[in-house]
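I shall describe one structure, moving from a loop to a sheet, then to a helix and a pocket.

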Amino acid sequence: MRNNSGSMTEKTKPLKQKLLYLASCILLLFSVYVLLRQLFDSSRVTNLPVPLYRRNMSTTHFDRVTRKKKGSICPILQGGLGNRLFQFSTSFAVARTKQMELIVPPDAEIRKVFEINVTSNKSKGLCKGFRKVLDKASPTYNKSLLNFSSEDNIQLGYGLQSWKYFHMYDKELRKQLTFRKHIQNTAEQTIWKILQRRKIKSRKSITLVGVHIRRGDKVGNHDGFNIATPNYLNRSVNYYAKRYATVIFLVISDGMAWSKNNMPSHVPVEFISLGKREFDMATVVACDHTIMTIGTFGWWIGYLTGGKVVYVKDAAKKGSRFERILNFEDHFYAEWVGL
C-alpha cells in the first residue's frame, strides 16, 4: 500500500507544476492586457479634436465669469479735415490702449482720403445710443477725459487737439494716415511738373518746404487767433533759406490772393491750388519741411510731413479765450520751432 500511494504522489507532481506555470502565464497575460487597455484609453482621451475641447471649456462657469465684454469707441468726426484727424487719432489710440473696438463708418470722409483699415465698418447708426465723452478745452491734454471702462460704449468727440493723446502709437497711426493712391499720384505729379519747369532733374537735389497760410474765416475773427503776418512769413522762409542751399517753397492757402501778394519774393515760391483740400494737403505733405500758420489743417501737414516745423509762437491774442485754453506743450511738439 505504501509503495502504491508513494507512486501516485510522484505522478501528480508534474501535473501540479504545469498548472502553476499555466496560471502564472495567464496572470502575466492579464496584466499586459490591463496595461495596454489603460494606454489605449488614455490615448483616446488626450487626442480628442482641439476645437471640441475648446468649445466645452468656453461654456464653463469660470470662463463666463472672467471673460470681459469688449467696448466700442465711435469718434465724433466733425469740423474740417484737421479737426477730424485729431478726433480719429485720439480714438484710434484709446481703442488700442483699452483694447476696444474702433468704429468708423465706411462712408466717413476721412476714409475717402486716407487708407484707414483698422476700424470696424459698422453703420454710424449703431453709435447713436453710446454715451458721449466730449473734450471742451481743445488745445490742451486732459488725461481724466479718458477715465472710462474698456467695456463701455463711447462716442468720443470735439477738439482733442493734443499729440499726447496718441503719440505712443505714432508709427501705427502714420500707416493709417497714408493718402489714398490716386491722391498720392496727383501730389507726386504736381511736384514733378514744378521740378521740370525749373529744370531740376533730381528730387534729391532740392529741399521742398510746404507752406500753409490760413486765412478765410480767421480774418477778423473774434476767437482769439492771430493770423500770420508778412513779417512772420519772412522770418519763416529765412529760417529754411539759411539752412539749405537750394529751397523751393510750395504754398497752399484759403486766401491765395493775399498769399501771392505777401509771400517773400527773395526766395523761389510756387502756389498750389488743385481744387480739393486733400490734394493740396498731400502735395505739401510730400515736401521735406513745413511752415504752418494757425489751425489744425496746418498742424497735420507738419505732423504728416515729418521734417522740421515752424509755427506762429504768438498764435493766441492776449486776453482771449484761446489764450486761456491753449497749452503750448500739449499742442505743439517740443522740437517744433515757434517764430
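Leaving aside residues up to four places away in sequence, S138 is in contact with G159, L160, Q161 and S162. Please keep in mind that this is a predicted model. S138 itself sits in the loop that runs between β3 and β4. Is S138 buried or exposed? Its relative accessibility is 18%, and because buried means under 20%, S138 counts as buried.

The loop between β3, residues 131-135, and β4, residues 153-158, also holds K143. Here the relative accessibility is 60%, and therefore K143 counts as exposed; the cut-off for that class is over 50%. K143 and K164 are 21 residues apart in sequence, while their C-alpha atoms lie 9.0 Å apart in space.

I now turn to the sheet. Six strands form an open sheet with parallel pairing, in the order β7-β6-β5-β8-β9-β10. Which strands lie at the edges? They are β7, residues 269-271, and β10, residues 337-338, each of which pairs on one side only. The partner of β10 is β9, residues 309-311, and the two are joined in the parallel sense over two bridges. Within this pairing, V310 has V337 of β10 as its bridge partner.

A helix, α10, packs on this sheet, where it touches β5, residues 207-213, and β6. The direction of α10 makes about 160° with that of β6. How many of the nine residues of α10 are buried? Eight are, and the helix is thus described as mostly covered. Among the buried ones are F279, M281 and V284. What covers the buried residues of α10 includes the strands β5 and β6, together with the helices α4, α5, α7 and α11.

Finally, we come to the largest pocket, with a volume of about 760 Å³. It is lined by 33 residues, and those closest to its centre are R214, K218, G295, T296 and F297. Which elements give two or more residues to this lining? They are α4 (81-98), β6 (247-253), α10 (277-285), α11 (296-305) and α12 (321-325). By residue class, the lining of the largest pocket divides into 13 nonpolar, 13 polar and seven charged residues.

Thank you for your attention.

Note on methods. Residues are numbered from 1 along each chain as its sequence is written. This is a predicted model: local features need pLDDT of at least 70, side-chain atom pairs count only at pLDDT 80 or more; totals for chains, interfaces and linings use all residues. Side-chain values use heavy atoms; hydrogens and water are left out. On a 1 Å grid over the protein atoms alone, a cavity is a set of points where a 1.4 Å probe fits but cannot get out, and a pocket is an open set with protein on both sides within 12 Å along at least five of seven lines; lining residues have an atom within 4 Å of a point. Grid points are joined across faces, edges and corners, and a volume is the space filled by probe spheres set on the points. Helices (H or I, at least four residues) and strands (E, at least two) are DSSP runs, numbered from the N terminus. Ala, Val, Leu, Ile, Met, Phe, Trp, Tyr, Cys and Pro count as nonpolar, Asp, Glu, Lys and Arg as charged, and the others, Gly among them, as polar. Two strands pair if DSSP finds at least two bridges between them. Contact means heavy atoms within 4.5 Å. Axes are lines fitted to C-alpha atoms, for helices over the stretch in contact, and angles run from 0 to 180 degrees between N-to-C directions. Buried means under 20% relative accessible area, exposed over 50%, partly exposed in between (1.4 Å probe, protein chains only).
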